[in-house]
Amino acid sequence: AVSTAASVSALRSELNTCARAYARQRGITPAAAHSEARRATGGPPAAQADAATLQARIEVLRKRAVRP
């Protein structure tokens with residue numbers, strides 16, 4: 001259970017990093033980026049989301065991000 005909690009925590013941190021970067025590119029708030037990812041994937045807020053949901057949101061933000 002400890003490794004699962006640690007991996008979910010790491011994914012949540014990665015999601016926050018992706019949301020900040022995406023928000024910076026789009027000129028929106030990180031909260032709006034999180035909301036956009038949540039609308040695309042469904043599920044609970046990030047604090048209650050499981051690893052698969054967090055990973056799906058990370059992928060959504062990465063796909064939508066502008067590549068340099």
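How many salt bridges does the count come to? In this predicted model, with a side-chain nitrogen of Lys or Arg required to lie within 4 Å of a carboxyl oxygen of Asp or Glu, the count comes to 3 salt bridges. The views below take up these pairs and then turn to the nonpolar core.

**View 1. The salt bridge between R62 and E14.** The side chains of R62 and E14 meet in a salt bridge, with an N to O distance of 2.2 Å. Because R62 belongs to helix α3 (residues 51-64) and E14 to helix α1 (residues 2-26), the pair ties together parts that are 48 residues apart in sequence. R62 is partly exposed, its relative accessible area being 34%, and E14 is likewise partly exposed, with a value of 27%.

View 2. E59 is partly exposed, with a relative accessible area of 31%.

**View 3. The salt bridge between E36 and R64.** Here the side chains of E36 and R64 meet in a salt bridge, at 3.0 Å from N to O. R64 is partly exposed, and its relative accessible area is 35%.

**View 4. The largest nonpolar core.** This core has 15 residues, and those with the most contacts inside it are L15, Y22, A33, L54, I58 and L61. Helices α1, α2 and α3 each supply at least two residues of the core, while α1 gives the most to it, with 7 residues.

**View 5. The surroundings of I58.** I58, which is among the residues with the most contacts inside the largest nonpolar core, is shown here with its partners. When its neighbours within four places in sequence are left aside, I58 is in contact with L11, E14, L15 and C18. Of these partners, L15 is also listed among the residues with the most contacts inside the core, whereas E14 is the residue whose side chain meets that of R62 in a salt bridge.

Notes: Residues numbered from 1 in each chain as written. Predicted model: local features only at pLDDT ≥ 70, side-chain atom pairs only at ≥ 80, totals over all residues. Heavy atoms only, no water. Helix = DSSP H or I, 4+ residues; strand = E, 2+ residues; numbered from the N terminus. Buried < 20%, exposed > 50% of the residue type's maximum accessible area, 1.4 Å probe, protein only. Core = buried A, V, L, I, M, F, W, Y, C linked by side-chain atoms within 4.5 Å. Contact = heavy atoms within 4.5 Å.
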